[in-house]
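Hi everyone, thanks for coming. Let me put the model up, and then we can walk through a few spots together.

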Amino acid sequence: MPVFKRPHFKRLLELAKKGRIAPLYLFLGDPKVAQELSRDLVSTLSSQGLLTEEIDLFHKEDYRPLVTALSAPSLLGRKILLVKGIEKIPSPQAQEICNLLRRAKNSHSLILLLEELPAKHPLLLFAEKEAVLIPLKKAHKASDFLQYEIPEMLANLGKKMDRRTGELLLELVGDDLAALRQEVEKLALYVEPRTLITPEDVKAVVSPRPEQAPFQLIDTLFSDGPERALGLLKQLVEQGTSYLVFVSILATFFKRLWLFQYVLKQKPGLGEVRYPLFKTEIQKALKEIWPERTPKLLSVHPYVLYRLLGPAKLIPEGRVLNTLIKLAEIDLLLKSRPVSAPDLFYRLFWEIKGF
């Protein structure tokens, strides 16, 4: 069982449950995905009654703790060694590790997480021919998380969600796997005893990233009013982002919105197309309007600009500029005197809505 790509990782876990355990599991590529998958592998092996030990070498070049662990007899059955912190393993030391694994293949298994290795590296060759290699690409599409990571996290908790709900979750949390796992676990507890997680559950429970806050605040402001928008802002502040930081976040948002509204004036048809076509057309439009260099605020993922279509229609250009002036005033007030930040933002939300 040499190479298990991401789509076949479940098969690897099934083999482990049946006692087919390799001397080496080499995760090669994206460190965050490797950490999540290795966690599932260790959990599966531990559930079989196998002993597990974590060795963190803290990026040192001294591999003696690992050599010692592989050389020591395992008196209580197979031992699983999960090694973190190795940046580069020189070939001589790697060859020694491979030799130890061959001798101890019935008593020890090594789980190793590395971002890259040379093509002819001993560990890579050993994993391909005598053990298990799990190659993990470093660049991910949203579809990867929707197809593998999120469903597997949910399945482990006995929960489900449809694709639309998964897209909303990913939009709010991003591709940080640790944050995704944390939010999925929160959702699982929130919906008990239900199995299906809905978009409403996600909106009620999931903490959006600070950079997503403007979209959430504007959506809440226009759908539920200034009071609910202020409540959301307070919730985000309680999670550790200060009001001053939100002044900066909102200022960036409205500057980008003002530039995007200018683009829509030049290319009004952009506001009427669906996202697959928008991705192509927005790049063409930016190059036509700014042939030498696109403004930095618009040099972002096309989906960020696509999401601005809603606010661009809801908030007139003059109100966008007035909001930027008000944000500058709030910034000065918060830095110069004791004032109520919630009161300042509450008045700002009313002005953004047009009252």
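F215 is buried, and F253 is buried too; buried here means under 20% relative accessible area with a 1.4 Å probe, protein chains only. This is a predicted model, where local features need pLDDT of at least 70, side-chain atom pairs count only at pLDDT 80 or more, and totals for chains, interfaces and linings use all residues. Residues are numbered from 1 along each chain as its sequence is written, and side-chain values use heavy atoms, with hydrogens and water left out.

Searching the whole structure gives 9 aromatic pairs, meaning rings of Phe, Tyr or Trp (its six-membered ring) with centres within 6.5 Å; planes under 30 degrees apart are stacked, over 60 edge-to-face, the rest tilted. F215 and F253 have ring centres 5.3 Å apart and planes at 90°, so they are edge-to-face. F215 sits in helix α10 (residues 213-224) and F253 in helix α12 (residues 243-266), so this pair ties together parts 38 residues apart in sequence. Helices here are DSSP runs of H or I, at least four residues, and strands are runs of E, at least two, numbered from the N terminus. Ring pairs join F215, F253 and F254 into a cluster.

Now to the strands. In β4 (residues 108-114), 7 of 7 residues are buried. H108, L110, L112 and L114 point one way, while S109, I111 and L113 point the other. β4 pairs in the parallel sense with β1 over 5 bridges, where pairing needs at least two DSSP bridges. L26 stands opposite L112 in β4. Strand β3 (residues 79-84) also pairs with β4 in the parallel sense, over 5 bridges, and L82 stands opposite I111.

Key:
Buried means under 20% relative accessible area, exposed over 50%, partly exposed in between (1.4 Å probe, protein chains only).
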